[in-house]
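Please examine the sequence and the three-dimensional structure shown below. The report that follows describes selected features in turn.

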Amino acid sequence: SYPFRWLDIELPAGPYRLPLLSGLFLSGGYSYHHRFRGQLDVATSLRNKVFVTGRLVADEYSFWTAGYGIDFGPFRLIHETTRASLVNLRAPGGEASLRGQFTVWQVSFSWRITGEPYDSRPFRQRARDQRFPAAPLYDFETGAWGPGALEVAVRYSNTEYDRELVELGVTNPTTSSQEARAFEVALAWWPWRTLRASFQVTRVIADEFPGVFDSHGRDTSFALRLQVDF
């Protein structure tokens, strides 16, 4: 939801134009089910699982997430929090209700250096005449060359799960981390709207010894992507 979308007030800032209030947004979601049959899937953005369980059985499952942020011209800031609960979880060590004991939060900041404005609304609500990149690597209509779109982004995320899951025998410190932190930096380049190249560095610091990191609780990973949209 963009509660101030109608306030079309902008502040000139060098090559950028910054909307003062129209880019503020709120987000949220909730889900519930009267029973849970499955595993807890807790992973980094590169799909390294920091918390591993077998099949779990519980009478109730609930999940909510809330966030806020701003599309500030070529800058975007987002903060999100998620909590989940399992009621009457049946485990080898007994039965327990873990209400709001699964927590994940993250904050991210990104900057399109070449000045293209952000618009986090669903695709069909965005302005169809928005040119992206503003100056493509090569414009086939005009024959002009440009830099494409260049973006840099950083994100910090934290996951925390109840230690009681270890006491109940659902998992153990040699495979799962009760708390893990991830810091990520990414650089992306769009020569054209349909093509993106990106490079990402992800640093994870986990408590205990999640098995995915060969039992040392620390990891630095790199990812190079080439994405084509058609």
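## Report on the predicted model

Gln178 counts as buried, because its relative accessibility is 10%; buried means under 20% relative accessible area, exposed means over 50%, and partly exposed lies in between (1.4 Å probe, protein chains only). Gln178 is placed in the loop between α1 and β12. Helices (H or I, at least four residues) and strands (E, at least two) are DSSP runs, numbered from the N terminus. Leaving aside residues up to four places away in sequence, Gln178 touches Thr159, Glu160, Tyr161, Arg163, Asp207 and Glu208, where contact means heavy atoms within 4.5 Å.

This is a predicted model, in which local features need pLDDT of at least 70 and side-chain atom pairs count only at pLDDT 80 or more, while totals for chains, interfaces and linings use all residues. Residues are numbered from 1 along each chain as its sequence is written, and side-chain values use heavy atoms, with hydrogens and water left out.

**Confidence.** The term pLDDT denotes the predictor's confidence in each residue, from 0 to 100. The protein has an average pLDDT of 88, and 97% of the residues score at least 70. Confidence is lowest in helix α1 (residues 164-167), with a mean of 80, and highest in strand β12 (residues 179-192), at 95.

Asp139 belongs to the loop between β10 (94-112) and β11 (149-161). Asp139 counts as buried because its relative accessibility is 11%. Its contacts, not counting residues up to four places away in sequence, are Arg131 and Ala144. The loop between β10 and β11 also contains Pro133, which is joined to Phe132 by a cis peptide bond with omega of about -10°.

**The nonpolar core.** A nonpolar core is a set of buried Ala, Val, Leu, Ile, Met, Phe, Trp, Tyr and Cys residues joined through side-chain atoms within 4.5 Å. The largest such core has 23 residues, and those with the most contacts inside it are Leu40, Leu86, Leu89, Phe102 and Leu165. Strands β6 (49-51), β7 (56-58), β9 (75-91), β10, β12 and β13 (195-206) each supply at least two residues of this core. Strand β9 gives the most, with 4 residues. Not counting residues up to four places away in sequence, Phe102 touches Leu40, Thr82, Arg83, Ala84, Ser85, Leu86, Glu160, Tyr161 and Leu165.

**Salt bridges.** A salt bridge is a side-chain nitrogen of Lys or Arg within 4 Å of a carboxyl oxygen of Asp or Glu. The whole structure holds 8 salt bridges, including those in the table.

| Salt bridge | Closest N to O separation |
|---|---|
| Glu10 and Arg17 | 2.8 Å |
| Arg181 and Glu179 | 3.6 Å |

Which parts does the pair of Arg90 and Asp59 tie together? Arg90 lies in strand β9 and Asp59 in the loop between β7 and β8 (60-72), so the pair ties together parts that are 31 residues apart in sequence. Arg90 is partly exposed, with a relative accessible area of 36%, and Asp59 is also partly exposed, at 28%. Glu179, by contrast, is buried, with a relative accessible area of 17%, whereas Arg181 is partly exposed at 23%. Glu179 and Arg181 are linked with Asp207 in a network of salt bridges.

Thr194 is found in the loop between β12 and β13. Thr194 and Asp229 are 35 residues apart in sequence, and their C-alpha atoms are 4.7 Å apart in space. Beyond residues up to four places away in sequence, Thr194 touches Gln227, Val228 and Asp229.

**Charges over rings.** A charge sits over a ring if NZ of Lys or CZ of Arg is within 6 Å of the ring centre and within 35 degrees of the ring normal. Arg5 lies over the face of Tyr2, at 4.8 Å from the ring centre. The charged end of Arg112 sits over the ring of Trp190, 5.9 Å from its centre.

**Backbone angles.** Most residues other than glycine have a negative phi, and most peptide bonds are trans. Arg47, in the loop between β5 (42-43) and β6, has a positive phi near 70°. Asn88, in strand β9, has a positive phi of about 55°. Arg47 counts as exposed at 52% relative accessibility, and Asn88 counts as partly exposed at 26%.
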